[in-house]
Amino acid sequence: MQAKPSTGPAVRRCAGAGVLAVVLLGAGLQATVAERPKPAQPDLSRFYRQKIAWAACKGAGMPKDLQCGKVTVPLDYARPRAGTLDLALARYRATGPSQGSVLLNFGGPGGPGVSALASGGKEFMDLTNGYDVVSFDPRGVGRSSPVSCGNGADEASATAQDDVDLGRPRLLLGQLRKAAARCAAHSGPVLSHIGTVDTSRDLDVIRQALGDGKLNYLGFSYGTRLGAVYAAQFPHRVGRMALDGVDTLTEPLSEQGVAGAAGQQTALDDFLDWCVTDLACPFGQDRRVAGERVVRLVRSFDREPVPDDFGGRFSGQDLVGAIGQALYSQELWPALERALVSLVEDGDIRGVENFASAGFALPVRQPDGHPKGGGGLVAPQDIPADNLPAALTAIDCADDPDRPDAARIAKDLQGLRAEYERASPVFGRYRLTQLLMCYGRPKGTDFIRDRVKDVDSARMLLVGTRGDPATPYQWTVETARRLGSSAVVLDNRGEGHTGYSSSKCVHRRIDDFLLYGSLPADGSSCPADTTGWKAAANTTGR
């Protein structure tokens with residue numbers, strides 16, 4: 001959701017040249033028609049000639065069998081000499097006969113792949129029977145030139161507070177514009193080139209550097225958007241591609257927010273149905289009262305945020321974000337209950353803060369809030385603490401072309417807030433905050449809405465989960481219809497965000513496709529896995 005990234009097609013070898021002979025048979029005449037020379041394509045050959053130097057990953061807690069490396073990509077694909085970025089990579093080597101690599105994106109947007117593979121990679125060890133399992137920190141994320149807003153998020157979160165004067169929306173929009181400027185000041189040049197269209201082109205550079213003729217890919221949540229964009233840009237380089245927890249390609253942010261708030265409220269209701277059956281539930285045993293107590297708890301922290309361990313303040317909206325992350329998997333419900341008990345009874349925010357980090361270890365904030373590196377990889381300790389939310393907003397804004405002006409927002413704000421709160425009294429304000437975050441930022445690309453459709457690629461597996469709180473099942477159906485005949489839908493009848501780590505059936509179907517090319521029939525289903533299985537492997541969601 002930043003400055004419009006390059007929407008040009010994949011790099012091609014240009015054949016032919018200047019003059020096209022056309023035979024006008026109907027008139028019995030022959031003529032030559034001069035065709036305008038095609039503009040020269042930027043020379044990307046040096047990026048496509050890279051080889052990755054793998055070595056053991058350094059740092060506390062890194063698995064001994066995890067290797068790390070990097071690739072270099074242009075900051076701006078239209079001007080490849082204008083600067084470069086290094087992207088951090090990690091891999092587990094294949095243990096069986098290797099078919100090459102399978103590249104993983106865990107979602108977000110803004111989720112770092114290297115730390116996710118380090119902490120949750122054992123979930124994917126079956127894939128090492130045929131592949132090197134690889135992930136990466138996308139541009140602007142993790143160690144790859146991380147973006148940051150410094151303290152700018154404080155103004156941005158104003159929309160979520162109870163004391164906001166919606167009768168003075170222009171004051172609010174002024175705060176948002178200042179927050180956007182602060183994000184730009186703290187993030188550097190990558191902010192103007194952070195969208196999915198550019199990250200998709202990075203995928204192709206990574207594919208070539210890995211030595212693969214085609215991209216084998218497993219994407220979760222936002223990672224499905226990235227995979228779909230790649231398939232549109234490089235349709236004939238798609239190998240085996242599985243997309244789990246399918247994102248929308250067409251809905252504007254306003255509609256995404258309402259759908260997301262409603263989905264998360266349903267998941268919260270399910271959690272409270274379970275919680276009140278336990279005497280330890282911090283909200284009591286009366287279901288209606290429990291729901292009211294959650295709302296009051298959130299609003300109390302919005303009115304009086306408390307200091308956190310990173311020099312900031314923990315607000316009610318931070319609590320909402322933490323609860324939302326925990327609701328992605330039923331396996332996390334007991335841990336969420338314990339964290340809420342500590343919060344309600346002792347005022348201890350540490351448990352819920354662990355969920356607020358979306359499953360990733362929070363890095364140490366730099367004193368000045370500025371990431372370091374100038375295009376090179378930054379050290380783990382130099383990743384700004386707000387990188388995940390800063391990158392999420394930046395990428396979503398770079399991918400969205402809608403920018404209503406101040407007059408339109410001022411007119412619609414009261415109605416929008418009411419609509420969001422009807423969708424969810426808990427998540428509505430949080431989602432509305434995300435919607436307004438693009439105000440004051442450059443208009444995003446229209447490439448995804450206009451050109452990611454009718455993809456002429458190898459067949460792709462799309463998995464939608466009926467009880468997904470973040471990416472509704474309907475988005476899977478709509479995206480499959482949009483992608484065309486290349487899309488094969490697997491209907492997961494279970495609960496939670498994505499299916500690979502919570503459903504034995506989905507896990508097996510995806511592995512069979514990636515390892516052996518075995519696709520289920522379009523429209524086939526996996527039953528709800530009532531016994532449970534494994535907690536989500538650091539897949540993050542919208």
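Q: How many bridges join β9 to strand β12, and in which sense do the two run, parallel or antiparallel?

A: Happy to walk you through it. This is a predicted model, in which local features need pLDDT of at least 70, side-chain atom pairs count only at pLDDT 80 or more, and totals for chains, interfaces and linings use all residues. Residues are numbered from 1 along each chain as its sequence is written, and side-chain values use heavy atoms, with hydrogens and water left out.

β9 and strand β12 (residues 460-467) are joined by 4 bridges and run parallel. Strands (E, at least two residues) and helices (H or I, at least four) are DSSP runs, numbered from the N terminus, and two strands pair if DSSP finds at least two bridges between them. Within this pairing, D244 is opposite V463 of β12.

β9 also has a partner in strand β8 (residues 215-220): the pairing is parallel, over 5 bridges. Here G219 faces L243 of β9. From β8 the chain passes through helix α6 (residues 222-233) to reach β9, a β-α-β crossover that is right-handed; that is, with the strands pointing away from the viewer, the path from the first strand over the helix to the second runs clockwise. As for covering, 6 of the 7 residues of β9 (residues 238-244) are buried, where buried means under 20% relative accessible area, exposed over 50%, and partly exposed in between (1.4 Å probe, protein chains only).

Charges come next. A salt bridge here is a side-chain nitrogen of Lys or Arg within 4 Å of a carboxyl oxygen of Asp or Glu. R225 and D247 form one, at 3.1 Å from N to O. R225 belongs to helix α6 and D247 to the loop between β9 and α7, 22 residues apart. R225 is buried at 5% relative accessibility, and D247 is buried too, with a relative accessible area of 1%. A network of salt bridges links R225 and D247 with D396 and D399.

Across the whole structure, the search gives 23 salt bridges. One of them joins K122 and D65, 3.5 Å from N to O. K122 sits in the loop between α2 (113-120) and β7 (132-136), and D65 in the loop between β3 (55-56) and β4 (66-74), so this pair ties together parts 57 residues apart in sequence. K122 is exposed at 52%, while D65 is partly exposed at 41%.

Rings of Phe, Tyr and Trp (its six-membered ring) pair if their centres lie within 6.5 Å; planes under 30 degrees apart count as stacked, over 60 as edge-to-face and the rest as tilted. The whole structure has 10 aromatic pairs. In one, the ring centres of F271 and W274 are 5.8 Å apart with planes at 40°, so the pair is tilted. F271 and W274 are 3 residues apart in helix α7 (residues 253-275), about one helical turn. F271 is buried at 1% relative accessible area, whereas W274 is partly exposed at 29%. Ring pairs also gather F106, F124, F220 and Y500 into a cluster.
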